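Please keep the sequence and the three-dimensional view at hand while reading.

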Amino acid sequence: MSRLKVVVVNGSPTRPSRTRALAESIVAEIEREVAVDTAFVDLAEVGTALGASLFRKGLPQHLEDALLSIEAADLLVVASPVYKGSYPGLFKHVFDLVAPEALTGKPVLLAATGGGDKHALVIEHQLRPLFGFFRAQTLPTGIYGAEADLKDYVISSDTLASRVTDAALEAVRALRQLGAERAPAAPSPTRVRDSVAA
Ligand SMILES: Cc1cc2nc3c(=O)[nH]c(=O)nc-3n(C[C@H](O)[C@H](O)[C@H](O)COP(=O)(O)O)c2cc1C
């Protein structure tokens with residue numbers, strides 16, 4: 001069976017990025033528990049080409065590949081900086097290009113970073129409704145980090161660290177469930193008896 005695929009979408013157009021640092025911590029927690037293949041789609045890498053691409057048709061191949069990886073992920077980790085009380089416009093543009101039915105039922109872990117705590121509800125008021133449109137399965141625990149929680153691009157707050165652990169655990173449960181559903185079914189005892197008798 002192929003390994004489960006985790007795709008991180010980092011909505012920050014900058015490098016280094018606190019959002020990226022937070023996403024990396026989340027993925028590290030998940031990878032401690034489950035063997036997964038992880039890929040990152042960073043706005044810092046794809047943003048310029050993305051801004052010049054209005055439609056899915058005719059996208060440069062690296063952008064099409066990024067969108068296909070999002071659509072094929074077993075788990076999405078969606079992490080965005082807060083811009084003007086919401087997610088950046090280019091972050092939304094990524095999801096404007098994703099097929100509307102492609103994320104149905106997909107587990108999505110939501111995370112955001114901001115200057116302070118004032119816009120911590122960006123997760124509930126902006127990100128969660130976007131994935132509600134896609135009928136994705138957003139995980140209950142969202143993770144928000146302010147600049148003071150990520151000094152020098154490392155998690156420096158115990159509260160944030162324990163939030164990462166809680167949310168990663170929910171992601172691990174979702175991945176384990178997917179893994180179990182995909183595992184080949186064990187032969188039933190009747191079948192084993194039949195084949196021994198034959
Ligand atoms: C254009 C712009 C708008 C921003 N708007 C907000 C905001 O409305 N609320 C907030 O808390 N922080 C805001 N910030 C701060 C960023 O969200 C914060 O520094 C974030 O951690 C940056 O993430 P990054 O390092 O991954 O790019 C803004 C930053 C920029 C550049």
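Of the contacts in the chain with a separation of 6 or more, 80% are between residues 24 or more positions apart; two residues are in contact if their C-beta atoms, placed from the backbone, lie within 7 Å. The model is a predicted one, in which local features need pLDDT of at least 70, side-chain atom pairs count only at pLDDT 80 or more, and totals for chains, interfaces and linings use all residues. Residues are numbered from 1 along each chain as its sequence is written.

**Overall architecture**

- The chain contains 7 helices and 6 strands; helices (H or I, at least four residues) and strands (E, at least two) are DSSP runs, numbered from the N terminus.
- Read from the N terminus, the order of these elements is β-α-β-α-α-β-α-β-α-β-β-α-α.
- Along the principal axes, the C-alpha atoms fill a box of roughly 70 × 45 × 25 Å.
- Of the 198 residues in the chain, 39% are buried. A residue is buried if 20 or more other C-beta atoms lie within 10 Å of its own, exposed if 12 or fewer, and partly exposed in between, with C-beta atoms placed from the backbone.

**Strand E1 and its partners**

- E1 runs parallel to strand E2 (residues 36-42), and 7 bridges join the two; strands pair if DSSP finds at least two bridges between them.
- Asn10 has Asp42 in E2 as its bridge partner.
- Between E1 and E2 the chain passes through helix H1 (residues 18-33), and this β-α-β crossover is right-handed. The term applies if, with the strands pointing away from the viewer, the path from the first strand over the helix to the second runs clockwise.
- E1 also pairs in the parallel sense with strand E3 (residues 75-81), over 5 bridges.
- In that pairing, Val8 stands opposite Val77 in E3.

**The nonpolar core**

- The largest nonpolar core has 54 residues, of which Val6, Ile26, Val77, Val78, Leu109 and Ala111 touch the most other members. Helix H6 (residues 158-182) gives the most to this core, with 7 residues.
- Such a core is a set of buried Ala, Val, Leu, Ile, Met, Phe, Trp, Tyr and Cys residues joined through C-beta atoms within 7 Å.
- Which residues are in contact with Ile26, leaving aside its neighbours within four places in sequence? They are Val77, Leu109, Ala111, Ile143, Val164, Ala167 and Ala168.
- In soluble globular proteins, nonpolar side chains tend to be buried together.

**The surroundings of the ligand**

- The shell around the ligand holds 18 residues, and the closest are Ser12, Ser17, Thr19, Pro81 and Gly114. H1 and strand E4 (107-114) are the elements that give two or more residues to this shell.
- H1 provides the largest share of the shell, 3 residues.
- By class, the shell has 3 nonpolar, 10 polar and 5 charged residues. Here Ala, Val, Leu, Ile, Met, Phe, Trp, Tyr, Cys and Pro count as nonpolar, Asp, Glu, Lys and Arg as charged, and the others, Gly among them, as polar.

**Backbone details**

- The peptide bond from Arg15 to Pro16 is cis, with omega near 0 degrees, and Pro16 lies in the loop between E1 and H1.
- Lys84, a residue other than glycine, has a positive phi near 50 degrees. Lys84 belongs to the loop between E3 and helix H4 (89-96).
- Is Lys84 buried or exposed? Lys84 is exposed, because 8 other C-beta atoms lie within 10 Å.
- Tyr153 is not a glycine either, yet its phi is positive, at about 65 degrees. Tyr153 is placed in the loop between strand E6 (143-146) and H6, and is partly exposed, with 14 other C-beta atoms within 10 Å.

Definitions and conventions: A residue is near a molecule or strand if its C-beta atom, placed from the backbone, lies within 6 Å of it.
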